[in-house]
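Subject: Handover of a protein structure

Dear colleague,

Please find below the structure that I am passing on to you.

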Amino acid sequence: MNFRARRVTLPAITPLCLQKRVIKVYSEDNTSRAVEVPSDITARDICQLFILKNHCVDDHSWTLFEQIPHLSIERTIEDHESVMEVQSGWGMDSHCCLYFRKNYAKYEFFKKPLDFFPEHMVSISSETNGIMNHSQLIQTFLSSSSCPEIHGFLHAKEHGRKSWKKFYFVLRRSGLYFSNKGTSKEPRHLQFIAEFSDSDVYTLLSAKKVYGAPTDYGFCVKASKSSSARDLKLLCADDEQTRTCWVTAMRLFKYGMQLYQNFIQPYQKQKSSPMRSISENSLVAIDFSGHKTRVIENPSEALSVAVEEGLSWRRKSCHRLSSHGSPSASQSSMSSIAIHMAQPWFHSKLSREEAQKLITQQGLVDGVFLVRDSQSNPRTFVLSLCHTQKIKHFQIVPVEENSELFYSLDDGHTRFSDLLQLVEFYQLNRGILPCKLKHHCARISL
């Protein structure tokens, strides 16, 4: 038999990292955008992509979220995680979504760990001299040689039942346990619930409504490849601080040093291309009115000088506008409206409940704020501000004097020509507020 050689051309094999996938990402207003990305793209890469495409300020708070609507749960996708791996765990008909929004609390526990881990909920196996400081507390979580432990009462949904029951829980590196005998931590009384090598922690979006939880501070542990509600380990805390402590500790136990690397990476890039920055603590008030300049050391005097200087600047601006043929009062009023309407921190028709939801979504850390119209009084505005993981609302009242309109948070003692001036002032001065305005809630359309 005669055989003839035949040339066979094999198709070129594209490396996995060069293969392209199309993903769809949503923003808070539910607008979406589909983009083609490499198959090995991480959550941080996608955030950087949308920061550039939407001309956002990169303040290291932009985050990618995984939301599973049929389970009413969501979680932060860690910056280093592969987005394709996350999507591989979705069911074909689950309608899971990726959301791009701010999360100021994502790494805040590295800066203020004692705010996230109350002393009564944390114990360390090794002896420590007195109260631990910030760095010692974080080191116990990051070091594999130490054995930190979170403990306290949580509500748990009993398997196959609608009822919730309160148990004493213990979180260790080896997993999550509950005690079947009061607060006993003896091995024979601890029952294993979950471990985190192949599971993730999610927050419940509607704990009371969907799962009948006793409070709205619900969270759960879900196996990575599971999409069934029956497989969720449903838990519920009595307050936001307790829930935040458990969820943050679970993230740290799962990822450890990788989370710290995610946190410091943007700052390392900044060091490689340094930019001039000024700490607000280095700013001082200076009086230039006399023959010699002097530093104003009295805080009350500095406050009054700052307010008077701001008002003087505004009056000069209004005078310049009126000198061009427009009535100063109406021009000033229209200018004030235009100024705050264009600011990213202003959310016009937002209700009190919607404001609380938006601030909670973007991170319950001190100084997260927004300004909105008042629903009870059409002529006033409201400043919604987060402090100690609680959201407080302050009414901004209009004050009229000599046919001029001002805005005030303290019944007219400190007055501002417009909302922009008010916000800028309280970003530098606490005044009557519990803390300075630090992070504004921003919504973008993709």
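The notes that follow begin with the whole chain and then turn to individual residues.

The model is a predicted one, in which local features need pLDDT of at least 70 and side-chain atom pairs count only at pLDDT 80 or more, while totals for chains, interfaces and linings use all residues. Residues are numbered from 1 along each chain as its sequence is written, and side-chain values use heavy atoms, with hydrogens and water left out.

**The chain as a whole**

The protein chain contains 12 helices and 22 strands; these are DSSP runs numbered from the N terminus, with helices being H or I of at least four residues and strands E of at least two. The chain has 446 residues, of which 46% count as buried. Buried means under 20% relative accessible area, exposed means over 50%, and partly exposed lies in between (1.4 Å probe, protein chains only). The accessible surface of the protein chain is about 25,300 Å², and carbon and sulfur atoms account for 51% of it; such areas come from the Shrake-Rupley method with a 1.4 Å probe, and for residues only the protein chains shown count as cover. Among contacts (heavy atoms within 4.5 Å) with a separation of 6 or more, 54% are between residues 24 or more positions apart.

**Tyr202**

Tyr202 lies in strand S11, which spans residues 199–204. Because its relative accessible area is 2%, Tyr202 is buried. Arg75 is 127 residues away from Tyr202 along the chain, yet their C-alpha atoms are separated by 4.8 Å. The side chains of these two residues, Tyr202 and Arg75, are also joined by a polar contact of 3.5 Å.

**Asn262**

Asn262 belongs to helix H8 (residues 257–272) and is buried, at 3% relative accessibility. Beyond its neighbours within four places in sequence, Asn262 is in contact with residues including Arg44, Glu78 and Tyr107.

**Cysteines**

The structure has zero disulfides, a disulfide being a pair of cysteine sulfur atoms within 2.5 Å. The closest cysteine sulfur to that of Cys96 is in Cys97, at 7.2 Å, which is too far for a bond. Cys96 is buried at 14% relative accessibility, and Cys245 is buried at 0%.

Kind regards

Notes. A polar contact is a pair of N or O atoms within 3.5 Å; within protein, one must be able to donate a hydrogen and the other to accept it, and residues adjacent in sequence count only if both atoms are side-chain atoms.
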